[in-house]
Amino acid sequence: MPPAVSQIPSVDEILRRDIAAAAVASHGRHAVVASIRAALDGYRRQFRGEPGPSIPRGEAAARIAAAAVAALTQADAPYLRRVFNLTGTVLHTNLGRAVLPEVAIEAAVRAMRHPAALEFDITTGGRGERDDAVRPLLCELTGAEDAIAVNNNAAAVMLVLNTLAAGRETVVSRGELIEIGGAFRIPDIMARAGTRLVEVGTTNRTHLKDYAGAIGSETALVMKVHTSNYLIQGFTKTVTAQELAPLAREAGLPLVDDLGSGTLVDLSHWGLKRERTVMDALRDGADLVTFSGDKLLGGAQAGFIVGRRDLVQACQNNPMKRAMRLDKVRLAALEATLKLYRDPDRLAQSLPTLRLLTRTVAELQALAPAIALAIQNAIGAERVLVNTVPCASQIGSGSLPLETIPSIAVSIEPKGGRNRMEPALRVETIAAAFRQLPIPVIGRIGKGALILDLRCLDDEPAFIAGLVDLDQSLRGSDGSDAASNLDSR
Ligand SMILES: *Cc1c(COP(=O)(O)O)cnc(C)c1O
């Protein structure tokens, strides 16, 4: 029998439940009433045309109140969730790249909370320039004459091309026509920036004479692009910026070097492979260098253009700059991040990106047993095999694409179902359950196991505390897994 109309509680009755009253205090009456109406509709629909159990009014009110509050809580959860990045890719574009240093976070909060002298010169009381928050620092740290900052490195490249080469030609090696993360493709960026791409050389080999032959009366720019996410191996030849600079200079053309990640320090000091620095590029003769703020630099999303003053100023004066400029929050964070580079000896402690990249295997090994045990207890030793295994982390975001850093992971492998009542877990189900935790844990699947690289785990108490929900989340998990589709670029 469907419940009689009289058994369906009213909105007011549901609102009087304690749980609903508490929700009004936190979400407001309007939202709670709307959610109750929706839950009530759902309840009515459940019984339409079907015989339903006769649920007492009071109990029905309690159930509907609970459903309404649960829906509200879920809708209130931020889309931009904090996650544990245990993918092994330290600068993971899909997971927000660099984690900011504490001083940068404080500076950003200050800039958000109070008015800031963004375009105001405190000394003269006159107008200031927004990029002055980072310009002197960038010049000091890179030796460049001048610098500006924009939304990201894609914007930096776009602005440089549009400013210096619109309506004319830009010469680039075929081997450097990169695509990053799908939408950033050098040929497309060139077209949108209004410059004509002149490709020189072949995919695997480009010679200086190829550049020389391509330079003509229509040429505005010679460009080098860091091949951030691939390596051409075998029978190859590239022309270095150092070799290219005299040719560009002789032709009276600017040489632009898009470094992509770009670093301000020699990473070999910390046992990492050396990546060409911004100073190297300038020393090699690049007139402008472009690089990101949130890749190896370890700051907020931004793109920097540093180099010759006349060229930087031309970029600054392009009306497009306004559409790409940074807000006070990111400028504050970047200023604080860049200041850390004045004390390189302590950078491995002060800059989270470098700290994570330089964690030793021994340090990670020491974390592993407690993590492995907690996971095994949370899922059950009869259902999974949990092991500590060596693995290889990546820097990510197009820095040293083939370079890996030895690391330690916890691997979670489903065991075959022991009996018919409990079928074997699928590894995708385990991965999905970890993603459904209050702080989602993102790992990667390899060889039939979920691999959790411990390199970026820096809050083990929170990680372990979150595991209490794992069993629940394993039951609710649908097993669909998109983690393997994550794009680390
Ligand atoms: C990453 C990268 C870009 C784009 O930088 P964003 O900061 O992601 O906009 C451009 N060029 C190269 C070579 C890169 O590696």
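Start by selecting alanine 147, which stands opposite valine 306 in β10. This is a predicted model, where local features need pLDDT of at least 70, side-chain atom pairs count only at pLDDT 80 or more, and totals for chains, interfaces and linings use all residues. Residues are numbered from 1 along each chain as its sequence is written, and side-chain values use heavy atoms, with hydrogens and water left out.

**Stop 1: strand β2**

Select residues 146-150, strand β2. Helices (H or I, at least four residues) and strands (E, at least two) are DSSP runs, numbered from the N terminus. Strands count as paired if DSSP finds at least two bridges between them.

Show the side chains of β2. Asp146, Ile148 and Val150 point one way, while Ala147 and Ala149 point the other way. In a regular strand the side chains alternate between the two faces of the sheet. Is β2 mostly covered or exposed? Covered: 5 of its 5 residues are buried. Buried means under 20% relative accessible area, exposed over 50%, and partly exposed in between (1.4 Å probe, protein chains only).

**Stop 2**

A salt bridge here is a side-chain nitrogen of Lys or Arg within 4 Å of a carboxyl oxygen of Asp or Glu. How many salt bridges does a search of the whole structure find? The search finds 34.

**Stop 3: arginine 276 and aspartate 257**

Select both residues and look at their salt bridge: the closest N and O atoms are 2.8 Å apart. The pair links distant parts of the chain, 19 residues apart. Aspartate 257 sits in strand β8 (255-260), and arginine 276 in the loop between β8 and α11 (278-283). Arginine 276 is partly exposed, at 27% relative accessible area. Aspartate 257 is buried, at 2%.

**Stop 4: glutamate 363 and arginine 359**

Move to this pair next. Their side chains meet in a salt bridge at 3.0 Å, N to O. Glutamate 363 is partly exposed, with 37% relative accessibility. Arginine 359 is buried, with 8%.

**Stop 5: arginine 426 and glutamate 428**

Finish here. Which kind of contact joins the side chains of arginine 426 and glutamate 428? They meet in a salt bridge, 3.5 Å from N to O. Arginine 426 is partly exposed at 46% relative accessibility. Glutamate 428 also counts as partly exposed, at 25%.
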